[in-house]
Structure formats: C-alpha cells, structure tokens
Amino acid sequence: MSLRVRFLGTGSSAGTPQVGCDCAVCRSDDPRNRRSRASILVEATDVALLVDTGPDLRQQLLRENIRALTAVLYTHFHADHINGIDDLRAFNFLQKQVLDCYGDARTGKELEERFRYCFLPPDPAWAKPSLRMHPIEGPRDFGPLRVTPVPVLHGYLPIYGYRFNDVAYLTDLKSIPDSSMALLQNLDILILDCLREDEHPTHINVTEAIALAQTIGARRTYFTHMTHDLGFTALAERLPARMWPAYDGLELHSDIGVS
Ligand SMILES: [Zn+2]
Ligand SMILES: [Zn+2]
Ligand SMILES: [Zn+2]
C-alpha cells in the first residue's frame, strides 16, 4: 500500500512571484518558480488529509481536482496557513457533513476566535463552513495513515509538524527539540522549511535546512515554504544528494509499513 503526498503550495507567506517584484525568480517562466502558500494533501486508500488552509486554497483545490477530505490538520495559526478556511465550505456542501479539524490547543482557540462563524451549529443548506475543532496531542489513526504531531519551535512559538507513517512535514520552524527528534527516526521522506538565503528569526535558511536534513537523515528530503530568493534550478543544482526543492503540483509516494 502506498501513501501519496501532493504539494498544494510551496511558497512563503508572500508567495512567489511577490507582488511588485521584478527579480529574476519572480519574472521566471519556469512553473516551478510559481509558488502558492504552503500546504500538502496526504492520501492513502480513501483517506485524504489536508494540512493547513492558506489563502490560495481554492485555486489549489481546483488545480489538483480535490473533491473529498477526511479531515484538516493545522500546523499553526499564522495567516498564510489559515486564511483560506472559508473555502472548506465546498466540502461541507459536497460531503453533507461537518468537517473535522485538528491542531494544538492554541491554534484551535485562535481559529474559533477569528472564524467563529465556521464553528457554529451547521447550517442545513451548508451555506457557511461547518467545522469541528479537535485538539490532537499524540498519534491518531485515519484509516491506514498514522498521524503523529511533532512539536517544533517557530522562533519562540511552539507549533506542530506532522508525521504520517514514514513521511514528515515540518514547515515554519527554527529549531526542533530533542524530544521531537526522537519522533523523526527512520523517515522515508522529510519535507522541511527552507525560507531563503539569509538567516531569519523564526525560520531556517538554506544552510540550516541542509544541516538539519543531514542530522535527521531521511532517505529523501524536499524543501518547502521558500521565498523568491530561491530559484528552483539554482537551488536544485547546489543541494547535496537526496535533497530537492519541492514545487507546486509535485507528487510523491511512500510505501506504508516500510521503516
Ligand atoms: Zn508560514
Ligand atoms: Zn522577486
Ligand atoms: Zn508561521
């Protein structure tokens, strides 16, 4: 059995191209340099888990022809990861049921405060999003997918990455506590933050991302959440073996049960 990861978006909060920018990456014709806000879809059998709902969600759902979701997992409550929440209404309408969402306690609280109308009792016509927020603190199975939250530090803010069987998605981070490194053993695929060339207080840059990927030692590592600093081809050419930049629309497969 195989797990499938689709990259819905691989961009930073500004996206690439960036509004008003004329740099070579923003003007590039390479579709791999057009990055919507960071998100992935993880699927196995009939289970589909969406990670985050950024502002580009509707276009991502259309591009990938996504018609059903089992649940939504939130990494954290920053705008580039949540502000497309309204487009989840499409799944209430298609599935005629409330959609389950998971995240840490702080993210649940922020979502319920900022988007209160999404968490009210469901509208019988599904005219507004109808979501149910659940805290998640440890492993939880969705069909063949075992989801384990992996606490990481996004600057001082504790947020979640997630492990799905032997695939880990760690966006928006500056450091990983030792207790979480223990959750990242024997990975087939690591998907890791890689913001830009220069250092940043709440994200890792290219140098830090390569070093962290080497420490974790997954069989394959893909970088995401990149700014217009990083052109696809130039970055791909200088990365060490078994590391690649991801791009919007990239699809990966991992055998379930291999460790
Ligand atoms: Zn972000
Ligand atoms: Zn630019
Ligand atoms: Zn963030």
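The model you are looking at is predicted.

**The zinc ion (ligand 1)**

- Four residues coordinate the zinc ion (ligand 1): Asp80 (OD), His81 (NE2), Asp172 (OD) and His225 (NE2), at 2.1 to 2.3 Å.
- Along the chain, these donors follow the spacing D-H-x90-D-x52-H.
- The angles among the four donor atoms run from 88 to 161 degrees, and the site is irregular.
- Asp172 sits in the loop between strand S10 (167-170) and helix H6 (178-181), while His225 sits in the loop between strand S12 (220-224) and helix H8 (232-238), so this pair ties together parts that are 53 residues apart in sequence.
- Are Asp172 and His225 buried or exposed? Both of these residues are buried.

**The zinc ion (ligand 3)**

- Here the coordinating residues are His76 (NE2), His78 (ND1), His154 (NE2) and Asp172 (OD), at 2.2 to 2.3 Å.
- How far apart are the zinc ion (ligand 3) and the zinc ion (ligand 1)? They are 3.5 Å apart, and Asp172 coordinates both.
- His78 lies in the loop between strand S4 (71-73) and helix H3 (79-82), and Asp172 in the loop between S10 and H6, so that the pair links parts of the chain 94 residues apart.
- The donor residues of the zinc ion (ligand 3) are spaced H-x1-H-x75-H-x17-D in sequence.
- Why is the arrangement around the zinc ion (ligand 3) irregular? It counts as irregular because the four donor atoms subtend angles of 87 to 176 degrees.
- His78 is partly exposed, with a relative accessible area of 29%, whereas Asp172 has a relative accessible area of 1% and is buried.

- Strand S2 (residues 39-44) is mostly covered, with six of its six residues buried.
- Ser39, Leu41 and Glu43 point one way from S2, and Ile40, Val42 and Ala44 point the other way.
- Strand S1 (residues 2-9) pairs with S2 in the antiparallel sense over five bridges, and Arg6 has Leu41 in S2 as its bridge partner.
- S2 also pairs with strand S3 (residues 47-51), again in the antiparallel sense over five bridges, and here Glu43 has Ala48 as its bridge partner.
- S2 and S3 form a hairpin with two residues between them. Thr45, in the turn, has a positive phi of about 45 degrees.

**Salt bridges**

- How many salt bridges does the structure hold? There are 18.
- One of them joins the side chains of Arg132 and Asp100 (2.7 Å, N to O). This pair links distant parts of the chain, with Arg132 in strand S6 (residues 131-135) and Asp100 in strand S5 (residues 99-103), 32 residues apart.
- Arg146 forms a salt bridge with Asp141, the closest N and O atoms being 2.7 Å apart. Arg146 is partly exposed at 44% relative accessible area, and Asp141 is partly exposed at 42%.
- Glu197 and Arg238 form another salt bridge, with their closest N and O atoms 2.8 Å apart. Glu197 is in the loop between strand S11 (189-193) and helix H7 (206-216), and Arg238 is in helix H8, 41 residues apart.
- A network of salt bridges links Arg4, Arg6, Glu43, Arg63, Glu64, Asp248 and Glu251.

Methods
Residues are numbered from 1 along each chain as its sequence is written. Chains are lettered from A and ligands numbered from 1 in the order in which they are written. This is a predicted model: local features need pLDDT of at least 70, side-chain atom pairs count only at pLDDT 80 or more; totals for chains, interfaces and linings use all residues. Side-chain values use heavy atoms; hydrogens and water are left out. Donors are N, O and S atoms within 2.8 Å of the metal (3.2 Å for Na, K and Ca); water is not among the atoms, so sites may look incomplete. Four donors count as tetrahedral if all angles lie between 85 and 135 degrees; four count as square planar and six as octahedral if opposite donors are over 155 degrees apart and all others between 65 and 115; anything else is irregular. Helices (H or I, at least four residues) and strands (E, at least two) are DSSP runs, numbered from the N terminus. Buried means under 20% relative accessible area, exposed over 50%, partly exposed in between (1.4 Å probe, protein chains only). Two strands pair if DSSP finds at least two bridges between them. A salt bridge is a side-chain nitrogen of Lys or Arg within 4 Å of a carboxyl oxygen of Asp or Glu.
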